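Thanks, everyone. Let me put the model on the screen, and then I'll walk through it piece by piece.

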Protein chains: 2
Amino acid sequence: MNKTTISDIASKAGVSRMTVSRVLSGNGPVAEETAKKIKSIMAEMNYQPNLIARSLSIRKSMNLGVLIPKTEQLFLDNYIAQVLSGVSDIAQENDYRIMLVPVNQSCSEKGSYINYARSNLFDGIILVKAKINDPNLPELAESGFPFILVNYRKNEHGYNYVDSENVKGAELAMEHLYEKGHRKIAFVEGTKEETNSRDRLKGYKNSLKKFGLEYREEYVICGEFEKEIAYERSESLLNLVERPTAIFCSDDYMALGVIERIKTYGLSVPNDIAVIGFDNIEISQFSRPALTTVRQPIYEIGKTAATALLNIIGNKISQPVRKILKTKLIIREST
Amino acid sequence: MNKTTISDIASKAGVSRMTVSRVLSGNGPVAEETAKKIKSIMAEMNYQPNLIARSLSIRKSMNLGVLIPKTEQLFLDNYIAQVLSGVSDIAQENDYRIMLVPVNQSCSEKGSYINYARSNLFDGIILVKAKINDPNLPELAESGFPFILVNYRKNEHGYNYVDSENVKGAELAMEHLYEKGHRKIAFVEGTKEETNSRDRLKGYKNSLKKFGLEYREEYVICGEFEKEIAYERSESLLNLVERPTAIFCSDDYMALGVIERIKTYGLSVPNDIAVIGFDNIEISQFSRPALTTVRQPIYEIGKTAATALLNIIGNKISQPVRKILKTKLIIREST
DNA sequence: CTTAAATATGTTACCGATAACAGTTATCGG
DNA sequence: CCGATAACTGTTATCGGTAACATATTTAAG
């Protein structure tokens with residue numbers, strides 16, 4: 001399969017490569033007759049421009065890099081899948097392509113993905129679920145390379161982000177539990193390394209204060225945003241003498257793990273213990289009991305991030321992008 | 001952010017660009033001292049090679065294109081997410097990158113994605129869930145461009161594929177239903193345009209014959225592999241005078257839709273009607289009742305496809321790739 | 001009818017890397 | 001001590017496009 005190049009077309013049409021290039025791009029005048037001839041030759045020879053060569057020439061890759069923390073079976077994470085859907089839709093509308101880059105969780109290695117910015121592979125980067133102590137971030141921000149954070153909030157110079165109302169979302173969840181009569185409410189943290197996890201904890205604490213409830217250390221455990229870990233560690237909550245009557249989990253996956261563990265104790269959700277999640281992933285409506293949760297508009301977050309990134313790339317924006325999307329309580333059966 | 005190029009490094013080090021290139025690739029001899037100096041300058045200047053330029057030069061993009069049928073919220077499809085996970089893992093191991101390309105369902109437009117093959121963007125293509133009458137396929141096969149089909153079987157010259165045992169998988173499901181005592185078994189087809197859907201239908205028919213059961217047209221409906229459509233159309237099954245006692249669905253999403261519909265009739269699954277799915281997507285274990293289904297090793301399919309594709313690209317393989325992975329019955333509560 | 005502007009096309013250089021070939025110097029065996 | 005080989009480095013051309021400038025031909029305006 002030897003590719004047809006612009007030179008092949010040019011020589012067959014008896015014109016210079018430049019004339020062919022003009023037909024391709026539509027810029028610059030070409031005689032109607034010439035253009036017609038060139039077009040027919042292109043069709044006949046199945047010509048497709050070499051996009052790599054074009055990228056090199058115009059100094060734009062027409063690619064967006066989507067960097068996601070590398071985990072096992074990457075895309076099974078429904079959250080990431082939804083973000084990707086949003087990004088993909090916007091990219092397509094703008095003739096951009098998407099390149100997936102799983103980056104190592106252990107973000108300690110410096111220069112691990114800042115190098116992608118320097119590799120000319122992407123015109124911009126979408127960083128999903130960045131970690132708070134990620135040493136690449138300051139470097140990236142300083143470099144001026146177009147990038148945007150998804151679900152990571154940082155109000156410093158050079159940072160752009162799209163996030164959802166995590167603090168308020170957590171408060172919504174807590175209000176709901178409080179109204180249901182719960183006073184002993186435990187909290188399952190995600191990872192301490194992500195801003196949205198911290199924000200949800202903050203919302204939890206805010207609410208306790210507001211309702212005049214005591215903050216108890218033994219009521220807070222860390223589930224690392226993983227179902228299995230939440231399953232394991234929730235044991236400590238269930239063994240407490242003053243067992244909580246409700247458990248607020250920082251994400252749905254952990255909520256599912258916690259519910260599973262509660263069942264092993266022969267306890268019922270929500271009668272013995274109510275459980276609420278966060279995110280509203282696809283499964284939450286199918287699990288049993290169906291999960292009460294706080295909806296994040298994840299697909300919209302992806303769309304918003306991609307749109308903003310394209311604006312940054314196109315220099316259509318001067319101010320930093322800092323968007324916070326609304327969350328919403330979705331009441332089902334687990335509370 | 002002006003990128004440092006190989007020329008910058010070369011002139012700063014007082015050598016030719018070629019020497020720098022040799023240090024980069026590790027091919028060709030470079031004096032230890034020179035190499036050291038060049039490396040330190042590269043580090044100092046934050047040099048990263050322009051991968052676009054390199055691609056043009058070596059005539060390899062180091063990208064795999066993953067073409068998936070464009071649907072709403074693309075990546076929510078758990079099947080695609082699992083394939084992607086597998087592909088991504090293998091790609092990473094081999095320093096390849098993944099580019100996602102949603103392609104229009106209406107595959108009628110000729111040349112829609114064959115052009116990707118000619119654009120030099122990819123070294124190979126993974127085609128997920130191709131349609132039977134896709135006019136691009138023969139053209140692609142003829143072109144000799146490296147590609148592999150996932151869940152599409154076609155034993156013709158130029159076609160490579162990875163699929164699972166769909167016929168046998170369907171027979172496993174039918175056996176299970178038969179053993180459970182069911183004699184009136186309905187079938188919900190996926191789309192007639194995919195080979196795996198046809199294969200499952202074939203397995204259904206095979207089993208009917210084997211068990212001496214009559215094939216009834218009114219027992220077969222088409223759900224287009226969509227939960228909502230299956231929900232709608234399953235009505236016709238439930239309204240039959242001789243209502244089926246079991247419904248075999250070509251995929252899990254449709255099974256979920258069917259179960260939902262059965263519930264609206266005030267009937268119970270599995271007591272009144274048993275339902276079995278296909279795929280074993282993530283949700284199937286969470287739904288209620290938990291879904292009995294036929295597991296496809298989707299993640300492995302992705303891995304296998306990517307591995308094979310890389311072999312084809314590297315010319316390490318001369319024979320067509322035709323792999324069929326095993327399916328397995330997973331019994332839960334819906335039967 | 002002349003000149004300026006618009007149209008149509010070509011030339012040269014360049015994007016940033018690598019391949020192929022060509023020197024030059026150092027090393028080694030006989 | 002000399003020729004041969006290996007080690008090191010450079011030169012030139014090329015991948016397939018596009019930008020900037022130059023030139024030739026029309027067309028329009030005065």
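Start at N120(A), in the loop between α6 (114-118) and β3 (124-128) of chain A. Helices here are DSSP runs of H or I with at least four residues, strands are runs of E with at least two, and both are numbered from the N terminus. N120(A) has a phi near 65°, a positive value in a residue other than glycine. Is N120(A) buried or exposed? N120(A) is buried, at a relative accessible area of 19%. For the cut-offs: buried is under 20% relative accessible area, exposed is over 50%, and partly exposed is in between, with a 1.4 Å probe and protein chains only.

Some housekeeping. This is a predicted model, where local features need pLDDT of at least 70 and side-chain atom pairs count only at pLDDT 80 or more, while totals for chains, interfaces and linings use all residues. Residues are numbered from 1 along each chain as its sequence is written, chains are lettered from A and ligands numbered from 1 in the order in which they are written, and side-chain values use heavy atoms, with hydrogens and water left out.

Back to backbone geometry. Most residues other than glycine have a negative phi, and most peptide bonds are trans. In chain B, N46(B) has a positive phi, near 55°. N46(B) is found in the loop between α3 (32-44) and α4 (51-58) of chain B. N46(B) is partly exposed, with a relative accessible area of 37%.

Now the cis peptide bonds. One joins V269(A) and P270(A), with omega about 5°. P270(A) is in the loop between α11 (252-264) and β9 (274-276) of chain A. Another runs from R288(B) to P289(B), with omega near -5°. P289(B) is in the loop between β9 (274-276) and β10 (293-295) of chain B.

Next, how do the chains relate? A rotation of 180° with 0.0 Å of shift along its axis superposes chain B on chain A, at an RMSD of 0.1 Å. That is the relation of a two-fold axis. Which residue of chain B comes closest to the rotation axis? M99(B) does, with its C-alpha at 2.3 Å. Both copies use the same surface: 100% of the contact residues of chain B recur in chain A. Contact means heavy atoms within 4.5 Å.

Helices next. Helix α3 of chain A, residues 32-44, has 13 residues. From first C-alpha to last, α3(A) reaches 18 Å, close to the 18 Å expected at 1.5 Å a residue. That expected span is 1.5 Å times one less than the number of residues. A35(A), I38(A), I41(A) and M42(A) are buried in α3(A). Seen down the axis, the buried residues of α3(A) fall within an arc of 130°, so they line one face. The arc is taken over directions from the helix axis to the C-beta atoms. On the other side of α3(A), the exposed residues are E32(A), E33(A), K36(A), A43(A) and E44(A). The cover over the buried residues includes α1 (6-13) and α2 (17-25) of chain A. Just after α3(A), N46(A) takes a positive phi of about 55°.

What covers the buried residues of α4(A)? The cover includes β2 (97-103) of chain A together with α4 of chain B.

On to the strands of chain B. Strand β5(B) is residues 161-164. Y161(B) and D163(B) point one way, V162(B) and S164(B) the other, and all are buried. β5(B) pairs with β4(B), residues 147-150, in the parallel sense over two bridges. Pairing requires at least two DSSP bridges. V150(B) stands opposite V162(B). β5(B) also pairs with β11(B), residues 322-325, in the parallel sense over four bridges. There, R322(B) is the bridge partner of Y161(B).

Last, the cores. The largest nonpolar core has 65 residues, and L100(A), V128(A) and V128(B) touch the most other members. Such a core is a set of buried Ala, Val, Leu, Ile, Met, Phe, Trp, Tyr and Cys residues joined through side-chain atoms within 4.5 Å. A second, separate core of 46 residues includes I125(A), L51(B), L127(B) and Y152(B). Leaving out residues up to four places away in sequence, V128(B) touches residues including V66(B), I68(B), Y79(B) and V150(B).

Conventions
Least-squares fit on C-alpha atoms with pLDDT ≥ 70 in both.
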